[in-house]
Amino acid sequence: MLLASEAVASPFPLLTALVLLPLVGACVVAALPRRRPEITRLVGLLFTVGTGALSIYLLAKFRAGEAGYQFESKHEWIPSWGAGWHVGIDGISLFMVVLSGILFPLALVAVKPHHNEKAYYAWLLVLEAGVIGSFVSLDLLLFFLFFEVVLVPMYFLIGGWGYDKRIYAATKFFVFTVAGSALMLVAMVATAALYNKEYGRYTFDLVELTTGGSLPYRSARLLFLAFAVAFAVKVPLVPFHTWLPDAHTQAPTAGSVILAGVMLKLGTYGLIRFGIELFPEASHHYRHGLMVLAVIGIIYGAICATMQTDLKRLVAYSSVAHLGFIVLGTFALTTTSGNGAVLQMVNHGVSTGALFLMVGMIYERRHTRQISELTGLQKVAPIFAGAFTLVMLSSIGVPGLNGFVGEFLILLGSFRTARWYVVVATVGVILAALYLLWAYQCVFHGEPDEANKTFPELKLSEGLVLLPFAVLIVVCGIYPKPMLDRIEPSMTRILQRVEAEVPNFVNPDSADATEGEGH
Amino acid sequence: MLAVQTTPTWYLVLAAVVFAIGAVGVLIRRNPIIMFMCVELMLNAVNLSFVALSKALDDIAGQTVVFFVLVVAAAEVVVGLGIVVALLRRQPGATADDVATMKG
Amino acid sequence: MLQMVWLIPALPLLGFVLLLLVGPRLGEPNSGRLATLMAASSFGVTVAMFFALLNREPEEREYVKTLFTWIPAGNLTVDFGFLADPLSITMALFVTGIGTLIHLYAIGYMHGDPKFSKFFLYLNLFVFSMLMLVLGSNMLVTFLGWEGVGTCSYFLISFWHTRDSAATAGKKAFVTNRVGDWGFMVAMFFTFQALGNLDYLHLKENAHSLSNTTAAAIALFLFIGAAGKSAQLPLYIWLPDAMEGPTPVSALIHAATMVTAGVFLMTRAASVLHVVPEIGTVIAIVGALTALFAATVAVAQNDIKKVLAYSTISQLGYMFLAVGSGAYVAAIFHMVTHAFFKALMFLGSGSVIHGMHNEQDMRRMGMLRKLMPVTAITFIIGWLAIAGVPPFSGFWSKDEILLGAWGKSPVLWAVGLVTALLTAYYMTRQVIMVFFGDARWESHAEEHGAHGDFKPHESPWIMLAPLVVLAGLAAVGGGLNLPFTHGTKLLEQWLEPVVGEFEHHSSVTAGGKFGLAIAATVASLIGIAVAYSIYEKKRRPAIEPEILARGWRYDEVISSFMGGPGRKLFEVTALADAKVVDGLVNKIGNDTQDIGNIIRKIQTGYVRQYAAGIGIGAVLLLVWFVSRGVL
């Protein structure tokens, strides 16, 4: 295994560079003089764009059709515990990294903080390093490290640059997540310890843990539950979701974009990587529990979204619903639905990120997010309304746009192993139209009143920020094949592990023939 | 000539006495500087017992620990004195109990 | 030649993109001309495809053009492909043909609107979506168009979005359609699970291998989708409200093309329905009930467009009656003739509204034939067609449907016949109220502002030309499928490769057919006569009960349910989320804080107390160890 990974290791440690670049950027920004905010902005931008460019390069260099990890690099860190700097990506994490690489510069360039620019940009860069680090880690301890590193900058971003109830929201966010990850840390240590008991050596290395041999089912199931709770908080699954609306509403716009676009994906990504891949049997055993929570989340999130009076809270609750789809697709354990889930992670990041950006723009102009105080904006700002419409339709899941493909694959694939969950979950598609169109009607339709009459039209600079989102929304909706080609082998590989561990489980997509009739 | 054989017990008893002096000092004095000195006394009493036992048991590890304690003590003094100076500058003649106002 | 089939939807898409980029700069009327040109060239390509297909042997009239693989995942592969066969080309022909005419009309109708170019942008996007719907080679491409037309319909209904009713109607249409889309999606899931493929040709060939339950599920869920899009019971509620949109939109989307998508879809799924005729019965019953229901509502409407809207629902019910009876050719035939005459009548009503300065209430019209002769004559042709007066087109297609219904069950036939009578009645009522009788608009003239000399006027030629063309088609459209000999059943022969093997051929003798046709004609004439005596001769009081005017209160009940208990449920859920779920979280947080507040009293802040604590603790530990004998 070691030999193999060395053989494919690229000469230049791309992934390590990808993690370190923003970190270096953060240090540089921190060292800049406080009085020159425009320089910090420029430097911050430079580093995020550099990271973004590197992630795109990664995408170009990634060999499609391969299931295993690529760009691996492995160094010792704490050899006696078997923990190391082991990074690598497969088709699943690839898109998470690229998504982060793209979203960060856009979020950074879209919004200017109103005070203390230096700290703001430094924290954003630390956040980026943490997020990318989490996605590329192939070592449990390393993953945990990055997973926790992510919390700190987010805490300060919400607490420092948020709105009126920011401290409450930031604390809630932090405590929720840390409570979950405490369980995860215990589970990680226990995993290594149990592995040592079975196979006589300590290791935190994911690849070794998954290829070396499996743990006894009873303990593996407990460990899985601990991991699952940590990720369920992060996703968030109902009933662990209440931190999300608060955090989203109080976070500065860039924070919301990153939170929805990338950080929630840490949860769903974790469920795939450290749930299904690490504990295939346990994942299969508990799949119904997770799918039930997912379906509840889809309906419940949508219903709550319908009743919100604050635009940002509405979008936040819609995230709960969308993330429910992702979890459903993940635990339906078919290649189709798994592909859809990964695709949906990216798509949700793009469309919800854009939605938060636009809500932020509305707030900048009107200093309110209350739906009741906004009206008739389409008349005064038709281009703005048009852009919002596109993003909204993508979020509703209109075919031809990105939101549909993931959702459809999730539902179609899950239908084969979890028919009735899907029939209920599909109702969420109706509700999505209900709450978004209702909000759209209130905010954009009608005759503008005095306060909204002077609502400024979309500026060129804002349009340029939204343009990449628009392009992604359309392109991913019409031609998702390149993405699916890269995701599928990795998804199949992970599900093969489930097949190997669970005797009576068959991934319907790996069976050649259709299932025929009668059930 | 009264030749007294010094056994480790002597050193240990001395260490215990010094430690007790230090401990009592910390408890009954309110001047922060004096309290510091008493803490130093306690630390050095422990050091003494370490060295004595190290010699008696012929184990170098005890002496190694002494170095650690010295370093920690030095660090502690640096931080502690810093706090004390800051405190006295703000409120001349302050006692350790006055710091209680800092609790939240 | 046939490989150019992708051009048919590509041209309107090009129009959309161009208008998106330069529409406002083109302004009026050039943006309208551009859009019309795109629709017209699309029609031209479709005609070429039609002849290319005609040149082939009947059994070879199936051509699939795949552009690229859209969604490959697991063992699902969905191609972005087009299927050119008699059914899809028939649909494409009248979609682009009537679409072009309505584009042309709209240049006149939308004259002076500040969002002129945007209207045509939506219109071109709609035509593109509709063509995707009919030309898609698999269910998913159709679904792309399906949702696309729904979205465009939303845009266009709420086109005048500063009006609250228009915005609400658009939203209602989209959400109600989504309920249907839910059915469509579930049907696709069933199909994929059973057949591993969503292609229509695959479905057609393998439908017979489906088990009864699966086939029933597919057919039923597809029908839910179709009922949403085609405004059948119980999902029809959005269509009357959709009349808030500009009249060309009502004509194009809510009469001629989009609403017939459900009928098209069920015809595509004929092979599945063939396996489970029971579902066909369900469809036929729902169709017949919708037809009757909507016809009864139409007799008491006073809004010129509402009458036509309910009439459309009723006629769509007819088409589903045909589909459910296995008379697919009749369904498509009626779809085409209906597209002719209903588009004609909507455009005619638009011309009236235009001439009456945005007045839609028929009680304030009357005697307009004098002032708007072209509109009146073309509208009257449309009326004769829909009323089922021979030899106009509606007579032939309606007759085919009644024949099919007879084959299914005489009860369904009877319902169809009553509907035909009502149709003739309410359309006569409309024609008399608008074009004959007293000129009631004179007494209401002062309401139309300070003009003083308010006088309805005839519309410009650009609006009249489409009316004339459509009137011609509505008059002779029956020629597509004359029932005399096999040779005159052109449409049936043409559609034979698609639906032939699933078609339920009636066993009625020639004499019986003649009898049925006579019965239908008599029913129509009775309807016309009754309406004439009530509204023109005023011999009897009008039969317009309140309950019918309010659509049997169905919409009200739904609305009050949604606004009442439905909303309550949502509110309670949201409240529970804030108070119970989040409340619990906050309670845990607060309780932790409270406990901390108690415990922290131990922390006095007196250093010497801490030291004493340490000392005492150390001593106690020592005592404990000693007493246990450890030391």
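**Chain C, overall**

I began with the secondary structure of chain C, which comes to 24 helices and two strands. I note that the model is predicted.

I looked up the extent of chain C next. Its C-alpha trace spans about 120 × 65 × 55 Å along the principal axes.

I then checked burial. Chain C has 631 residues, and 57% of them count as buried.

I also looked at how far apart in sequence the contacts of chain C reach. Taking contacts between residues at least 6 apart in sequence, I find that 81% join residues at least 24 apart.

**Lys204(C)**

I picked out one residue of chain C, Lys204(C), and located it in helix H6, residues 200-206 of that chain.

Is Lys204(C) buried or exposed? I count Lys204(C) as buried because 21 other C-beta atoms lie within 10 Å, and the cut-off for buried is 20 or more.

Val499(C) is 295 residues away from Lys204(C) along the chain, and the C-alpha atoms of the two are separated by 9.7 Å.

**Which chains touch**

I went through the chain pairs.

Chains A and B do not touch. I noted 18 Å between their nearest C-alpha atoms.

**The side of chain C that touches chain A**

How many residues of chain C are in contact with chain A? I read 43 residues on chain C, in contact with 49 residues of chain A.

I traced the chain C side to its elements. Strand E1 (63-73) supplies at least two residues, as does each of the helices H4 (139-157), H5 (164-195) and H23 (554-599).

H5(C) gives the largest share of this side, with 16 residues.

I sorted the residues on this side of chain C by type: 22 are nonpolar, 14 are polar and seven are charged.

**A hairpin in chain A**

I turned to chain A and its strands E1 (residues 70-78) and E2 (residues 83-89). The two run antiparallel and are joined by six bridges.

Which residue in the hairpin of E1(A) and E2(A) takes a positive phi? I found Gly82(A), with a phi near 75 degrees. The hairpin has four residues between its strands.

Note on methods: Residues are numbered from 1 along each chain as its sequence is written. Chains are lettered from A and ligands numbered from 1 in the order in which they are written. This is a predicted model: local features need pLDDT of at least 70, side-chain atom pairs count only at pLDDT 80 or more; totals for chains, interfaces and linings use all residues. Two strands pair if DSSP finds at least two bridges between them. A residue is buried if 20 or more other C-beta atoms lie within 10 Å of its own, exposed if 12 or fewer, and partly exposed in between; C-beta atoms are placed from the backbone. Two residues are in contact if their C-beta atoms, placed from the backbone, lie within 7 Å. Ala, Val, Leu, Ile, Met, Phe, Trp, Tyr, Cys and Pro count as nonpolar, Asp, Glu, Lys and Arg as charged, and the others, Gly among them, as polar.
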